Amino acid sequence: MKTVKCPKCGSNNIIKIIYGMVGPEMGEAENSGEIRLGGCCITDDNPTHYCKDCKTEFLKEKKRK
Ligand SMILES: [Zn+2]
């Protein structure tokens, strides 16, 4: 796994943002701070990661279709 660092504060205290419909296990994962739920609205510019230190959502890499 690649280490993701926050572009703002440089922290590696980063979690993934999950979009779309999620099951109960995803809710538990969010509660324990493993992931962040981004809702079901998906756009091309959606942030993919979230810094728990400075509470910034950011886009790690742009996806191309
Ligand atoms: Zn940060």
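Let me start with a pairing: strand 1, residues 14-19, and strand 3, residues 49-51, run antiparallel and are joined by 3 bridges. Two strands count as paired if DSSP finds at least two bridges between them. Helices (H or I, at least four residues) and strands (E, at least two) are DSSP runs, numbered from the N terminus.

Before going on, what we have here is a predicted model, where local features need pLDDT of at least 70, side-chain atom pairs count only at pLDDT 80 or more, and totals for chains, interfaces and linings use all residues. Residues are numbered from 1 along each chain as its sequence is written.

Back to strands 1 and 3. I14 has C51 in strand 3 as its bridge partner, and I15 stands opposite Y50 in strand 3.

In which sense do strand 1 and strand 2 pair? Strand 2 covers residues 35-39, and its pairing with strand 1 is parallel, over 4 bridges. On that side, K16 stands opposite I35 in strand 2.

The 4 strands form an open sheet in the order 2-1-3-4, with mixed pairing. Strand 2 and strand 4 are at the edges with a single partner strand each, so one side of each has no neighbour in the sheet. From one strand to the next, the twist averages 35 degrees. Axes here are lines fitted to C-alpha atoms, for helices over the stretch in contact, and angles run from 0 to 180 degrees between N-to-C directions.

Helix 1 packs on the sheet and touches strand 1 and strand 2, its direction making about 120 degrees with that of strand 2. A contact means that the C-beta atoms of two residues, placed from the backbone, lie within 7 Å. Helix 1 is residues 24-31, and together with strand 1 and strand 2 it makes a right-handed β-α-β unit. Right-handed means that, with the strands pointing away from the viewer, the path from the first strand over the helix to the second runs clockwise.

In total, the protein chain has 1 helix and 4 strands. Read from the N terminus, the order is β-α-β-β-β.

Next, the overall dimensions. The C-alpha trace spans about 30 × 30 × 20 Å along its principal axes.

How much of the chain is buried? Of the 65 residues, 5% count as buried. The cut-offs are 20 or more other C-beta atoms within 10 Å for buried, 12 or fewer for exposed, and partly exposed in between, with C-beta atoms placed from the backbone.

S11 lies in the segment before strand 1 and counts as partly exposed because it has 14 C-beta neighbours inside 10 Å. Leaving out residues up to four places away in sequence, S11 touches K5, C6, C51 and D53. S11 and D53 are 42 residues apart in sequence, yet their C-alpha atoms are 6.9 Å apart.

K55 sits in the loop between strand 3 and strand 4, which is 56-58. K55 is exposed, since 9 other C-beta atoms lie within 10 Å. Most residues other than glycine have a negative phi. K55 is not a glycine, but its phi is positive, about 55 degrees.
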